[in-house]
Amino acid sequence: MMLGLIRPTAGSVRLFGRDPQTTVAALEGVAGFVEAPSFYPYLSGLVNLELLGSFDGGEAKQRIPEALETVGLSDRAKDKVGAYSHGMRQRLGIAAALLRQPRLMLLDEPATGLDPAGMRDMRDLIRGLSAQGMTVLLSSHLLGEVEELCNRVAIVRKGGVAYQGSLAELKRQAGGGYLLRTSDDDVARRVAAAQAGISELRAGVEGGLTFDAESDAAVGALSLALTESGALITELSPRQASLEDLFFKLTEGEADKAAAPQPQLAERAA
Amino acid sequence: MNPGTLTIYRWELRKLRAQKRTYLGLGAAALVPIIFVVALVVQGESPNEVAFGKYVHDTGLAIPLVLLLFGAVWMFPLITALVAGDIVASEDRNQTLKTILTRSVERHQVFAGKALATFTYAIAAIVLTGVVALVAGIMASGFDSIISLSGTRVSAMEGLGLVWASLGVYLIPILTVACIGLLFSTLFRNSAAAIVGTLMFSLLIQLIGILPGLESLHPYLLSTQYNAWQGFLRSPVDWDPIVRAAWVCSLYALPALAAAALVFLRRDVAGD
């Protein structure tokens with residue numbers, strides 16, 4: 001939809017204030033690929049780029065050598081794309097996008113199907129583009145990849161945006177708390193419960209205690225109090241929720257809510 | 001400056017030049033006349049049952065005309081359908097539509113470039129057949145006068161002009177087939193289905209023509225227009241079938257082309 005390939009059933013899209021559904025001029029300054037990048041297998045990588053450069057007009061064709069160099073395909077440019085590996089096609093997709101000198105790069109699952117080395121190279125490439133000042137919009141189900149590459153995230157659920165903002169803010173909102181293990185959990189529980197700035201005290205799923213802290217100072221004070229009480233600390237660590245945890249919390253939580261009214265309806269029917 | 005239809009057209013031709021199926025069609029267009037002439041020379045007989053058949057050993061000018069009679073209904077439509085049925089469907093097969101439609105070209109320009117390339121290929125196939133048939137025919141039977149369908153003798157040079165005029169008129173139904181192939185290619189998104197569908201359409205129209213009681217439909221069938229070129233081989237030239245071919249074929253071609261364009265412009269382009 002953002003690239004004008006699919007018509008929205010509702011709503012609209014604007015890229016730099018222009019509607020991609022009405023004209024390709026809206027894609028000026030925008031490049032990227034949807035799913036796997038696709039090329040003519042019977043043409044070489046170079047000729048494919050020449051074709052796309054011609055379709056872009058302007059000086060796009062003159063950028064081909066630089067784009068091939070950036071993605072590391074200069075030495076295979078004259079081979080037919082039909083003989084390219086999946087990773088090479090992904091890199092050619094990036095090269096094709098670079099011909100447009102985009103301000104915004106849309107990448108849909110760029111590392112899907114790549115081997116570990118290919119994934120690493122792709123991530124390095126994306127980091128490099130970002131470092132050059134390009135905005136990269138990455139769509140991915142590989143949450144580790146998102147966590148590693150992105151500074152802002154949007155989580156989409158059932159066609160709606162469940163969260164949009166910085167990754168740091170999302171993690172901060174989700175909290176995470178601390179995990180505490182001591183030589184005597186009963187003593188530790190009593191001490192922690194009495195400590196100012198400590199809340200949400202619970203038994204940990206895998207032993208120990210979990211709690212939320214108002215501040216780092218509150219955690220430090222708890223540490224001191226525990227030592228004085230004789231409960232020796234064996235582990236005191238912040239529990240940081242992963243993006244995967246947050247994703248499921250945001251997407252599955254709503255599913256639970258959606259399911260919840262059904263029994264109520266059933267009761268009314270009865 | 002943004003690229004236009006001409007840029008896309010040139011690239012469509014380059015893509016056609018890089019594909020084997022193009023050479024399959026053009027190869028057939030070139031080889032069939034050669035095989036036909038070789039068979040005539042080796043056997044020493046004439047296909048007397050068809051018009052101009054009895055002159056194949058008298059003048060090379062008869063060769064392209066006999067080939068048109070033999071190949072008008074299926075061979076040239078098949079050669080045309082090979083590319084017309086594939087030109088959009090191959091983009092679906094390679095999933096390359098999303099690649100080109102996210103560049104600085106509008107959809108209608110892409111469609112126009114494809115349509116022009118399809119027509120160019122169809123014209124090239126007919127011209128190739130004409131050139132090869134004439135060269136092979138003249139080498140085998142000489143460059144002599146020919147007897148028209150009206151029984152009058154036409155000089156070799158005048159006959160040569162009439163042969164090319166006939167091939168030109170035959171292009172009218174062939175370009176119509178190209179439009180139908182383009183429609184099927186856009187609709188089916190599958191090359192094989194579009195190619196077979198185009199050929200089946202051409203043959204089915206011919207079958208309608210042989211059904212009893214439907215004689216009144218004959219002037220309006222596409223298959224009838226395949227023979228409109230014979231109007232040039234009469235003295236004086238019979239323009240009626242030629243003019244009719246022009247407007248009857250437009251009734252087939254223009255809606256097909258418009259429907260293909262509409263589908264192409266409005267379709268969602270998403271991966272499978």
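Helices here are DSSP runs of H or I with at least four residues, numbered from the N terminus. The model on screen is predicted.

**Stop 1: a serine in a helix of chain B**

Select Ser202(B). It sits in helix α9 of chain B, residues 191–210. Is Ser202(B) buried or exposed? Its relative accessibility is 1%, so Ser202(B) counts as buried. Now show what surrounds the side chain. Beyond neighbours within four places in sequence, Ser202(B) touches Val73(B), Pro77(B) and Tyr226(B).

**Stop 2: a cis peptide bond**

Stay in chain B and select Ser235(B) with Pro236(B). The peptide bond joining them is cis, with omega at about -5°. Most peptide bonds are trans. Pro236(B) belongs to the loop that runs between α10 (222–225) and α11 (239–266) of chain B.

**Stop 3**

Most residues other than glycine have a negative phi.

Start with Phe52(B). Its phi is positive, about 70°, and it is not a glycine. Look for Phe52(B) in the loop between α2 (20–43) and α3 (62–71) of chain B. Phe52(B) is buried, at 4% relative accessibility.

Move to chain A and select Glu109(A). This non-glycine residue has a positive phi of about 50°. Its loop lies between β2 (104–108) and α4 (116–131) of chain A. Where does a relative accessible area of 16% put Glu109(A), buried or exposed? Glu109(A) is buried, because the cut-off for that class is under 20%.

**Stop 3: strand β1 of chain A**

Select residues 30–33 of chain A, strand β1. Both of its faces are covered. Val30(A) and Gly32(A) are buried on one side, Ala31(A) and Phe33(A) on the other. Pick out Gly32(A): its bridge partner in β2(A) is Leu106(A).

**Stop 4: helix α2 of chain A**

Select residues 64–71 of chain A, helix α2. Colour Ile64(A), Ala67(A), Leu68(A) and Val71(A), which are buried. They lie on the same side of α2(A), because they cover an arc of only 100° around the axis. An α-helix has 3.6 residues a turn, so residues three or four places apart point the same way.

Turn to the face directed away from that buried side. Pro65(A), Glu66(A) and Glu69(A) are exposed there. What do the buried residues of α2(A) pack against? They pack against α1 (45–56), α3 (86–98) and α4 of chain A. Just after the helix, select Gly72(A), whose phi is positive at about 70°.

**Stop 5**

Begin with the largest cavity, about 120 Å³. Its lining has 14 residues; nearest its centre are Gly32(A), Phe33(A), Lys98(B), Thr99(B) and Thr102(B). Elements giving two or more residues to this lining are β1 and α3 of chain A, with α6 (97–100) of chain B. By class, the lining has seven nonpolar, five polar and two charged residues.

Finish at the second largest cavity, about 80 Å³. It is lined by 15 residues, and Tyr42(A), Lys15(B), Gln19(B), Ile87(B) and Ser90(B) lie nearest its centre. Here α1 (5–17) and α5 (89–94) of chain B are the elements that give two or more residues. This lining has five nonpolar, four polar and six charged residues.

Conventions
Residues numbered from 1 in each chain as written. Chains lettered and ligands numbered in written order. Heavy atoms only, no water. Buried < 20%, exposed > 50% of the residue type's maximum accessible area, 1.4 Å probe, protein only. Pairing = 2+ DSSP bridges. Arc of directions from axis to C-beta. Contact = heavy atoms within 4.5 Å. 1 Å grid on protein atoms, 1.4 Å probe; cavity = no way out; pocket = protein on both sides within 12 Å on 5 of 7 lines; lining within 4 Å. Points joined across faces, edges and corners; volume = space filled by probe spheres on them. Nonpolar A, V, L, I, M, F, W, Y, C, P; charged D, E, K, R; others polar.
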